[in-house]
Amino acid sequence: MSALTALLLPSILLLSAVGGVWKRVDVYQTLADGAGEGLHILLHILPPLIGLMTAVSMLRASGFLDWAAQAMGPLLSCLGIPPETVGLLLVRPMSGSAALGLGAELMEHYGPDSLIGRTAAVMLGSTETTFYTVSVYFGAVGIRNTRYAIPAALCADVVGFLAAAWAVRLFFPGN
């Protein structure tokens, strides 16, 4: 780590404190108020997060993801998506940590330089944890009716999955 990188965060903190003092802001009280608001938001976010993590664990343990891979395999193959990534397709919109776990398993089993490993890696970088993001951000500001946000975000995830599979085939044709 370079000296500049090591000094970056302390410099930002020092500059913020000096700017606050310059504008006659009680920097410590503002920091404490912000931390209190963060904890308040955490209390509102935690129950949906626990529910999502539990649901993902239940899907994996029940064998549903394996069944879905077999059922969706022919369609995914026609679209250029490796059927082995079906678990990632189903879990990614719900849980980032579960999707990372599935991606790591795929890379461990098939190898990081395989078509499946590369596709999983690009899918993880090209898509979002839709339900987590919506529950966190909409819940934090008190929005109950998501209207078109979830369908639009899920459409973006589908495009991200397709684009990831096609990009891997385009840039790594030997797989």
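This is a predicted model: local features need pLDDT of at least 70, side-chain atom pairs count only at pLDDT 80 or more; totals for chains, interfaces and linings use all residues.
Residues are numbered from 1 along each chain as its sequence is written, and side-chain values use heavy atoms, with hydrogens and water left out.

Where does Arg118 lie? You'll find Arg118 in helix H6; helices here are DSSP runs of H or I with at least four residues, numbered from the N terminus. Arg118 counts as buried because its relative accessibility is 19%, and buried means under 20% relative accessible area, exposed over 50%, and partly exposed in between (1.4 Å probe, protein chains only). The side chains of Asp113 and Arg118 join in a salt bridge, 3.6 Å from N to O. The term calls for a side-chain nitrogen of Lys or Arg within 4 Å of a carboxyl oxygen of Asp or Glu, and the structure holds one such bridge.

Now follow H6 to its partner, H8. Two packed helices are described by the angle between their axes and the distance between the axes. For H6 and H8 the angle is about 140° and the axes are 8 Å apart. Axes are lines fitted to C-alpha atoms, for helices over the stretch in contact, and angles run from 0 to 180 degrees between N-to-C directions. H6 and H8 are therefore oblique to each other, since angles under 35 degrees count as roughly parallel, over 145 as roughly antiparallel, 65 to 115 as roughly perpendicular and the rest as oblique. On the H6 side, Arg118 turns up again, along with residues including Val122 and Met123, and these residues meet a set in H8 that includes Phe161, Ala164 and Val168.

Met123 also leads us into the largest nonpolar core. Of its 22 residues, Ile81, Leu88, Leu89, Val91 and Met123 touch the most other members. A nonpolar core is a set of buried Ala, Val, Leu, Ile, Met, Phe, Trp, Tyr and Cys residues joined through side-chain atoms within 4.5 Å. Helices H3 (64-79), H4 (86-91), H5 (96-110), H6 (115-126) and H8 (149-171) each give two or more residues to this core. Take Leu89: leaving out neighbours within four places in sequence, Leu89 is in contact with Leu76, Ile81, Met123 and Phe161.

Last stop, helix H7 (residues 130-140): its buried residues are Thr130, Val134 and Val136. Just after H7, Gly142 takes a positive phi of about 80°.

Note on methods:
Contact means heavy atoms within 4.5 Å.
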